Amino acid sequence: MSDLSKYRNIGIFAHVDAGKTTTTERILKLTGKIHKTGEVHDGAATTDFMDQEQERGITIQSAATTCFWDGYRFNIIDTPGHVDFTIEVYRSLKVLDGGVGVFCGSGGVEPQSETNWRYANDSEVARIILVNKMDRIGADFYRVVKQVKEVLGAKPLIMVLPIGEEDNFNGVVDLLTRKAWVWDDTGLPENYELQDIPADMVDKVEEYRSELIETAIEQDDDVMEAYLEGNEPDIDTIKRCIRKGTIDLAFFPTYCGSAFKNKGIQLILNAVVDYLPSPTEVKPQPEVDMEGNETGNFAIVDVNKPLRALAFKIMDDQYGALTFTRVYSGSLQKGDSILNTFTGKTERIGRIVEMHADSREDRDVAKAGDIVALVGLKNVQTGHTLCDPKDPATLEPMVFPEPVISVAISPKDKAASEKLSEAIGKMVREDPSFHVESDVETGETILKGMGELHLDIKVDILKRTHGCEVEVGAPQVAYRETITQRIEDSYTHKKQSGGSGQFGKIDYIIEPLEPGSEGFEFESKVVGGNVPKEYWPAVEKGFRLSKDKGVLAGFPMLDFKVTLVDGGFHAVDSSAVAFEIAAKSAYRQSIPKAGPQLLEPVMKLDVFTPEDHVGDVIGDLNRRRGMIKSQDTTPTGVRVKADAPLSAMFGYIGDLRTMTSGRGQFSMEFSHYSACPRNISEEIIAKALAEKELKDKS
């Protein structure tokens with residue numbers, strides 16, 4: 001199938017437990033891709049195929065599948081909802097043309113929904129909205145629509161109205177056709193009837209239909225003019241306007257249903273066809289040079305153009321490494337040699353496969369618009385561009401967040417030690433938000449990730465998937481250091497030992513930057529050639545390398561700027577190495593004088609609690625140095641939003657469940673770095689110095 005207008009590359013994304021995976025299962029059943037529906041709570045969902053996903057009832061890694069509806073090909077990616085696996089959503093959205101944002105009918109717009117929505121905005125992905133779980137207690141379609149407007153700042157375009165709510169929810173009214181889709185109680189998606197609008201809803205339907213048409217026709221001046229003269233456009237014209245507005249992100253067509261009860265999914269599939277873009281209708285990917293600057297060229301979605309493809313996910317299984325790839329232009333054939341612009345090396349494609357969760361189907365060719373997995377690539381990582389060796393180009397790379405938590409592991413025996421490095425190598429290739437370091441002195445391996453659950457899953461995969469038995473230490477927080485004062489200083493590096501020596505003199509200013517800025521900036525204001533221009537990069541390099549180790553406790557330095565203002569050089573003895581050494585020594589000399597300060601990661605919390613436990617939850621957050629931002633009453637309880645330091649949040653889920661008799665829930669994501677209170681700072685510095693002393697002795 002090569003008619004790109006019939007392609008839809010879509011992702012399904014939402015907060016934990018809003019029903020993404022269940023929605024994907026229903027789509028696969030309706031489109032005939034699977035014949036038996038698997039349930040998330042039974043650990044049988046098609047796209048949740050990892051042991052860890054089936055046991056915990058959550059999605060951990062994005063899964064790709066392909067199905068067909070009404071002659072259209074859907075390439076679907078089901079993404080995780082848990083904040084520790086946000087990276088999966090980010091990199092999936094990066095390669096998709098459209099998305100379905102799923103919101104819980106009773107939970108509404110939850111914190112991870114906000115993060116995912118922000119990523120989708122950044123990637124300019126067109127979306128439709130599904131307000132799911134309309135059969136749940138406390139479900140309220142109109143309240144969720146209001147939250148989409150207020151919390152996400154988005155413009156929902158209401159396409160259907162619910163018939164009944166909670167236990168009585170049995171269908172929806174399609175505003176365009178003025179027909180009611182009503183399902184029976186068998187739970188089978190095909191058991192529905194098209195009926196007239198319920199009598200008590202007629203006025204409401206007309207009100208919302210007028211609003212829908214007026215919003216849609218703003219996309220076409222001629223249609224709007226005719227409408228103002230009293231001529232209502234036909235349904236095809238309205239659909240054309242809705243399609244244009246959806247692709248331009250002017251609004252988001254909004255539906256409701258219950259994926260679990262199989263109600264409302266057909267309308268979502270029709271909406272994907274009618275309103276979400278084909279690969280040729282989205283903005284083409286910009287090409288960049290090796291420094292990341294845009295070249296002005298674009299990867300046009302066209303089979304006849306040179307090959308441009310982006311590797312967006314690496315997955316290892318028993319058959320070797322799978323490289324999930326979105327082909328933007330050109331085509332790929334089995335046996336082709338392709339260039340990886342990041343490594344500068346060519347690689348040969350062993351096999352091209354189309355994925356359906358963890359099963360696969362071989363293909364001979366992949367063309368522009370396709371999402372496939374390539375087998376046999378050795379040195380490709382997430383975000384690398386694959387292209388035609390005769391016509392190289394790089395697509396905009398992906399940027400991944402830094403880990404905020406670490407844990408030390410050590411192998412239990414020699415057998416585990418041998419397996420460990422190979423297993424970790426595979427896991428790092430798969431997940432760019434997972435970092436690993438080795439501590440040479442202690443022999444421990446330090447795993448770094450986005451949260452407790454993230455690292456918990458990684459250790460579990462090491463043990464079960466790779467058979468590495470390891471001892472696990474207590475989680476450690478990724479602290480940072482910064483400075484609080486501006487300082488002007490000078491340093492001269494001078495070394496004479498027979499023959500040519502080393503000489504480099506620098507006068508410089510070190511000053512704090514705004515918190516959360518670029519992390520480190522360097523500028524040279526040298527005039528008159530006292531420090532020749534060719535040595536400026538060496539000075540920058542010296543400071544840049546030094547900032548990885550702060551002066552207080554050895555944590556990386558953030559948010560400071562170095563300005564080179566003057567200096568001196570020697571015609572014979574000066575070199576780039578001499579100026580780099582001068583910069584490193586200047587860092588050690590001046591940073592302690594610039595008011596160094598320890599920073600700790602602060603997390604954004606969203607805690608749900610039944611109303612009668614609010615006082616306990618808030619009191620506990622205050623004890624954890626949390627700052628309460630807001631409290632919102634929902635039909636089923638209270639949502640408390642707060643900021644709290646990560647160091648105080650270990651084991652929080654257990655304490656929350658105890659306080660709320662098992663009914664509390666929370667999610668947490670990194671927000672920013674903030675100054676550490678003096679008493680805690682002193683404790684951390686003392687501990688770091690003691691550990692260093694211990695290492696030095698051993």
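The model is predicted, so local features need pLDDT of at least 70 and side-chain atom pairs count only at pLDDT 80 or more, while totals for chains, interfaces and linings use all residues. Residues are numbered from 1 along each chain as its sequence is written, and side-chain values use heavy atoms, with hydrogens and water left out.

Start with the whole chain. Its secondary structure comes to 16 helices and 38 strands. Both are DSSP runs numbered from the N terminus: helices are H or I with at least four residues, strands are E with at least two. Of the 698 residues, 55% are buried. Buried means under 20% relative accessible area, exposed means over 50%, and partly exposed lies in between (1.4 Å probe, protein chains only). The accessible surface is about 30600 Å², and 47% of that belongs to carbon and sulfur atoms. Areas come from the Shrake-Rupley method with a 1.4 Å probe; for residues, only the protein chains shown count as cover. Now take contacts, meaning heavy atoms within 4.5 Å. Among those with a separation of 6 or more, 71% join residues 24 or more positions apart.

Next, the interior. In soluble globular proteins, nonpolar side chains tend to be buried together. A nonpolar core here is a set of buried Ala, Val, Leu, Ile, Met, Phe, Trp, Tyr and Cys residues joined through side-chain atoms within 4.5 Å. The largest one has 74 residues, and Phe 74, Met 159 and Ile 242 have the most contacts inside it. Helix α9 (residues 265-275) gives the most to this core, with eight residues. Apart from this core lies another, of 46 residues, including Met 427, Leu 552, Leu 656 and Ile 685. Back to Phe 74. Leaving aside neighbours within four places in sequence, Phe 74 is in contact with Arg 8, Thr 65, Thr 66, Cys 67, Trp 69, Leu 269, Val 272 and Val 273.

Now the sheet. Four strands form an open sheet in the order β31-β32-β34-β33, with mixed pairing. Two strands pair if DSSP finds at least two bridges between them. β31 and β33 (520-524) stand at the edges with a single partner strand each, so one side of each is left without a neighbour in the sheet. The twist averages 25° from one strand to the next. β33 and β34 run parallel and are joined by five bridges. Phe 522 has Val 562 in β34 as its bridge partner.

Axes are lines fitted to C-alpha atoms, for helices over the stretch in contact, and angles run from 0 to 180 degrees between N-to-C directions.

The buried residues of α13 include Phe 579, Glu 580 and Tyr 587. Its buried residues pack against β31 (487-495), β32 (502-512), α12 (536-546) and β34 (560-568).

Finally, the backbone. Which phi does Glu 124 have? A positive one of about 55°, although Glu 124 is not a glycine. Glu 124 is in the loop between α4 (111-122) and β5 (126-132). Glu 166, also not a glycine, has a positive phi of about 50°. Its place is the loop between β7 (160-163) and β8 (171-174). Glu 124 is partly exposed at 43% relative accessible area; Glu 166 is partly exposed at 29%.
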